[in-house]
Amino acid sequence: MNTYVFILHSLNGDTLKFWGQDVKEHLNLKGLSVILPEFPIRAESSYVMFDKILSHYLKSGELNANSIVIGHSIGNAYFLRFCREHHFIPKYFIAVAPGAVYDYSTTKTDYVVKVKDQAYLREKDFEFGKKLNNVYLLYSDEDDGNKEKFTRFEKDFNAKSMYLKGYNHFDGYHRIYRIPELLELLDSFIDN
């Protein structure tokens, strides 16, 4: 069974154009295939489409028990729900700034509220999440005061966490083109 690395992008999709490209280039040099599925973004984002697109890779065998999955922001919540619904467990799961996992009140009134509503995990998702092994969490000191959510994620998913400085939400808005700590973590998986 081949090992494929999947990068599941954020609500804005900028992951693919920024640090996702760096990860792909780095791992391609090591002989690994990296898949960056493109899901609908912003107001068009939906779990239904995420499930449809990712299910294609599951059926083709590219998404398999040897896969390394890196989720960014809302991609994590969608992926965790996908895992439960398809009884899928990757070899490694790296959650980068997991967004929309927990239902916290907000003052926003735009499309983000509707999108996040379908992403929030439910109790059954958290229960299934306990079956996942090798879960890692990357979060930043600048991420809009979300430390409580990240600490909770670490506990709920028995994640090994990396608290990094200066990456904000690891997004394109903040021009995050490279995450050396993520590359080092991936190298440690590959070397084992």
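Modeller: Contact here means heavy atoms within 4.5 Å. The model is a predicted one, in which local features need pLDDT of at least 70, side-chain atom pairs count only at pLDDT 80 or more, and totals for chains, interfaces and linings use all residues. Residues are numbered from 1 along each chain as its sequence is written, and side-chain values use heavy atoms, with hydrogens and water left out.

Six strands form an open sheet in the order β2-β1-β3-β4-β5-β6, and their pairing is parallel. Strands (E, at least two residues) and helices (H or I, at least four) are DSSP runs numbered from the N terminus, and two strands pair if DSSP finds at least two bridges between them. At the edges stand β2 and β6 (160–164); each has a single partner strand, so one side of each is left without a neighbour in the sheet. On average, neighbouring strands of this sheet are turned by 15° against each other, direction ignored. Such angles run from 0 to 180 degrees between N-to-C directions, with axes fitted to C-alpha atoms, for helices over the stretch in contact.

I begin with β1, which is joined to the parallel strand β2 by three bridges. Within this pairing, Val-34 in β2 is the bridge partner of Val-5. Five of the five residues of β1 are buried, and the strand is mostly covered; buried means under 20% relative accessible area, exposed over 50% and partly exposed in between (1.4 Å probe, protein chains only). Tyr-4, Phe-6 and Leu-8 point one way from β1, Val-5 and Ile-7 point the other way, and all are buried.

The relative accessible area of Ser-67 is 0%, so Ser-67 is buried. Pro-90 counts as buried because its relative accessibility is 4%. With residues up to four places away again left out, Pro-90 touches Asn-64, Ala-65, Ser-67, Val-69, Phe-79, Cys-83 and Leu-132. Of these, Leu-132 is 42 residues from Pro-90 in sequence, and the two are 7.6 Å apart in space, C-alpha to C-alpha.

Helix α2 (residues 47–60) also packs on this part of the sheet. Its buried residues are Tyr-47, Phe-50, Asp-51, Leu-54, Ser-55 and Tyr-57, and they pack against β1 (4–8), β2 (33–35), α3 (74–86) and α4 (111–119). Directly after α2, Gly-61 takes a positive phi of about 90°. Tyr-47 and Phe-50 also belong to a cluster linked by ring pairs, together with Phe-39, Tyr-78, Phe-79, Phe-82, Phe-88 and Phe-93. Rings of Phe, Tyr and Trp (its six-membered ring) pair if their centres lie within 6.5 Å; planes under 30 degrees apart count as stacked, over 60 as edge-to-face and the rest as tilted. The structure holds 19 aromatic pairs. One of them is the stacked pair of Tyr-167 and Phe-170, with 5.2 Å from centre to centre and 5° between the planes; both residues are buried.

Next comes the other part of the sheet. Four bridges pair β4 (residues 92–96) with β5 (residues 135–140) in the parallel sense, and Val-96 stands opposite Leu-138 of β5. Strand β5 is largely enclosed by the rest of the structure because six of its six residues are buried.

β5 and β6 run parallel and are joined by five bridges. There, Tyr-136 stands opposite Lys-160 of β6, and Lys-160 lies over the face of Tyr-136, 5.0 Å from the ring centre. A charge sits over a ring if NZ of Lys or CZ of Arg is within 6 Å of the ring centre and within 35 degrees of the ring normal. The charged end of Lys-147 likewise sits over a ring, that of Tyr-163, at 4.8 Å from its centre. Helix α6 (residues 147–156) lies across β4, β5 and β6 and runs at about 170° to β5.
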